[in-house]
Amino acid sequence: MTAFKKAVLFIHRWLGFISGLVVFIVSITGCLFCFQDEIQDAMYSYRHVPVQTKPYLMPSQVRKLGEAKVSGGKAGLVTYMGADRPVIVRVNDAKKALHTLYFDPYSGKFLHDEDLRTNFFIIVEFIHLYLLLPVKIGKLVVGISVIIFVVLMITGLVLWWPKRKSDRKRSFTIKWNGRWRRVNYDLHNVLGFYATAIAIVLAITGLSFSFEWVNDGLYKAANLGRTYPNEKKEYHSDSLSKGHITSLPAVDVAYTYMRQRSPQAQMYLLFEGAGSDGALYGTAYARSLHFGHSDLYSFDQYTGKVLHFLPNAKKSAGLQLNNLNYDIHVGQIAGLPGKIIAFLVSFISASLPITGLIIWLGKRKKGTKTKKARNLSHKRAKAHVRSNPRNDIAQ
């Protein structure tokens, strides 16, 4: 092994020790989360409703239903999930506890009150993002570990790359009929090679959740360094219009406008920004449970006046990429095959710290045995010299 590869091996090994446990946890929770929508759809009947020909209830009506269901409740975010799915409203009760309420969007029938703190997949998501640590600390620990993981994948590729062409075929396959240590070695190297490209994509899109500079970097890279101020601008309501009387509540005006301008959208989301001058924000998503390809809206929260409208087609490439970040990260940008690939790559990523540790322990054990064998051979040689009578004659 050359001095360069020895240095790379040293870096690879010790970075693996530093980040291995976190990489395993983040990767295995990523596996669990990939199919969370499909699993929950199969488990919970309240996630689907019969499709009807009549229109949805207005968001102001949904908010009233939510507040009536929770004592001292204050409704906020409203999400229409799709024609065959419920409408969801989030309500804070008098103790500021958050309730996620599901209603039939056609009849207003109450379906379920979900406590997100006890939802298995939300817990898995929080472990994946923060390790259940305080958010700032958890994001930092996960983010640094994922950065190290990217370095590990690159250094691993350098170590794996075969010198001779004759070795390449062997390097691309797992010798299943070999000894278990050889199989483990191949699992680490061969599967690591096949997973590298997609694992790095999953890692970078994951880093966008931990570090804003990664999100900004992707935005600028896709825009070739250009920025578009209108995409980053914050819009404000006219607080002097508070109490202004309109024929429809502002949130209903906004929702009606969104349905007219984005009629093909399957999912609609509405929420108010913080403060008395916060805008009313709306997003119309092309597909239910997919978060790319969306039209963005801003309204005055008191009058429903349109402050800004940005259809997906007019977004910069950078903003489109940022909006697709979640769909890329979980693989759903490529449908079910994409999710399967993301699952398999996450599973392989979780296995790499384990197979790598086994390789290191095996080499350490082998080194100890070799050292013991040398010492024993040396002792035997000494004993042979001392016990041979010719040695005494020679002296």
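How many helices and strands does the secondary structure of the protein come to? I counted 14 helices and eight strands, taking helices (H or I, at least four residues) and strands (E, at least two) as DSSP runs numbered from the N terminus.

**Entry 1. Ground rules.** I worked on a predicted model, in which local features need pLDDT of at least 70 and side-chain atom pairs count only at pLDDT 80 or more, while totals for chains, interfaces and linings use all residues. I numbered residues from 1 along each chain as its sequence is written, and side-chain values use heavy atoms, with hydrogens and water left out.

**Entry 2. Overall form.** Along the principal axes, the C-alpha atoms fill a box of roughly 120 × 45 × 35 Å.

**Entry 3. Surface and contacts.** I noted an accessible surface of about 22900 Å², 63% of it belonging to carbon and sulfur atoms; the areas come from the Shrake-Rupley method with a 1.4 Å probe. Of the 395 residues, 43% are buried, where buried means under 20% relative accessible area, exposed over 50%, and partly exposed in between (1.4 Å probe, protein chains only). Among contacts (heavy atoms within 4.5 Å) with a separation of 6 or more, 57% join residues 24 or more positions apart.

**Entry 4. Charges.** I placed each charge at NZ of Lys, CZ of Arg, CG of Asp or CD of Glu; Lys and Arg count as positive, Asp and Glu as negative, and His and the chain ends are not counted. The mean positions of the 52 positive and 25 negative charges lie 21 Å apart.

**Entry 5. Nonpolar cores.** I took a nonpolar core as a set of buried Ala, Val, Leu, Ile, Met, Phe, Trp, Tyr and Cys residues joined through side-chain atoms within 4.5 Å. The largest has 25 residues, and Val62, Tyr80, Val89 and Met258 have the most contacts inside it. Elements that each supply at least two of its residues include strand E1 (74–80), helix H10 (250–261) and strand E6 (280–285). H10 gives the largest share, four residues. Another core, of 20 residues, lies apart from this one and has Val22, Val23, Met153 and Leu352 among its members.

**Entry 6. Met258 and Thr283.** Which residues is Met258 in contact with, leaving aside its neighbours within four places in sequence? I found Tyr268, Leu269, Leu270, Gly282, Thr283, Ala284, Tyr297 and Phe299. Thr283 sits in strand E6 and is buried at 10% relative accessibility. Beyond residues up to four places away, Thr283 touches Met258, Met267, Tyr268, Leu269, Ser294, Asp295 and Leu296.

Entry 7. Most residues other than glycine have a negative phi.

**Entry 8. Glu234.** I located Glu234 in the loop between helix H9 (229–232) and H10, exposed with a relative accessible area of 58%. Glu234 and Gly273, 39 residues apart in sequence, are 10.0 Å apart in space, C-alpha to C-alpha.
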